[in-house]
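Good morning, and thank you for coming. Please look at the sequence and the structure on the screen while I describe the metal sites.

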Amino acid sequence: MLLDPGMSLTLRPMRYPAFFERYRDAIKNTWTVEEVDLHSDLADLGKLSDAERHLVSRLVAFFATGDTIVANNLVLNLYQHVNAPEARLYLSRQLFEEAVHVQFYLNLLDTYVPDEQERFEAFAAVENIPSISRKADFCFRWIDSLGDLKELRTREDRRAFLLNLICFAACIEGLFFYGAFAYVYFLRSRGLLNGLASGTNWVFRDESMHMAFAFDVVEVARAEEPDLFDDDLIAQVKAMLAEAVDCEAQFAEDLLGGGVSGMSITDMRHYLEHVADRRLAQLGIPPLYGAKNPFAFMELQDVQELSNFFERKVSAYQVGVTGTVTFDADF
Ligand SMILES: [Fe+2]
Ligand SMILES: [Fe+2]
């Protein structure tokens, strides 16, 4: 079974071809930090109100360390326990993508925050800024929840693992990051920081796929061992998501507390509740909140993502053809 201890090496016959397909799909979505021009944002930064500037500086401080935390959990917990080589191929690819995200946000900080001391403070936000340290503590608590667990021997071990996996997919990638993306697309809807939004399109796409893979793993584990997914586990998932919504709502109070025109703390809370309900639905769990999405610019985002993805596939294909022609001409 997928969560059995060990180091399965057998790719043929392949037990979970769907994981291998996710790996191949992820490779089609390759992008590099150098493709994103953030310098076009610099003029916009000078135009922001004090409240908007506060929002951006907090957002950047969250981005400074968010993906590094996710990458650590991937290596420390997920790779260790998802015992199929095709699934580990996907996780290897995800680790690369998290590295690209870390590099993207490093570039963001270097560009947006020229002052060295301020940059240092952004990286220390997990210790010094309460709304960010609360989220970081939530992540660290779930990383540590597996403690020194080297093998998933018992039903309890496996349930602990599933909770960690669901936490990182549904609460961290699927809620903390989605909350952060909402600020970026709100700013874009006001004509601001288009460079950040263009890089965020790629990160958004990657995070959606990370989540989809994690939910696949949950589905497989659930099908193989239905007794793992009992009422107790469902209650724990609901409590975890409710706590994540509260953490992210506190972050929203910090970011929007200065009065950002066009984005209210109440709307952000409803957006987070709406996203949390969607994550529960993906896990086959009834909604907690019944909240509607108040942000039209996030609905548009889904459509835009899709068109970007298909444009990307066409241009990547064209690059491949050009390469081949050049190669033939030279030889
Ligand atoms: Fe990421
Ligand atoms: Fe991710």
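I begin with a definition: donors are N, O and S atoms within 2.8 Å of the metal, or 3.2 Å for Na, K and Ca, and sites may look incomplete because water is not among the atoms. This is a predicted model, in which local features need pLDDT of at least 70 and side-chain atom pairs count only at pLDDT 80 or more, while totals for chains, interfaces and linings use all residues. Residues are numbered from 1 along each chain as its sequence is written, chains are lettered from A and ligands numbered from 1 in the order in which they are written, and side-chain values use heavy atoms, leaving out hydrogens and water.

E98 bridges the iron ion (ligand 1) and the iron ion (ligand 2), which lie 3.3 Å apart. D67 lies in helix α3 (residues 50-81) and H101 in helix α4 (residues 85-112), so this pair ties together parts 34 residues apart in sequence. Helices here are DSSP runs of H or I with at least four residues, numbered from the N terminus. Both D67 and H101 are buried, that is, under 20% relative accessible area with a 1.4 Å probe, protein chains only.

Which residues hold the iron ion (ligand 1)? Its protein donors are D67, E98, H101 and E207, at 1.9 to 2.2 Å.

The iron ion (ligand 2) is coordinated by E98, E173, E207 and H210, also lying 1.9 to 2.2 Å away. Along the chain, these donor residues follow the spacing E-x74-E-x33-E-x2-H. E98 in helix α4 and E173 in helix α8 (residues 155-189) link distant parts of the chain, 75 residues apart. E98 and E173 are both buried.

Key:
Helix = DSSP H or I, 4+ residues; strand = E, 2+ residues; numbered from the N terminus. Buried < 20%, exposed > 50% of the residue type's maximum accessible area, 1.4 Å probe, protein only.
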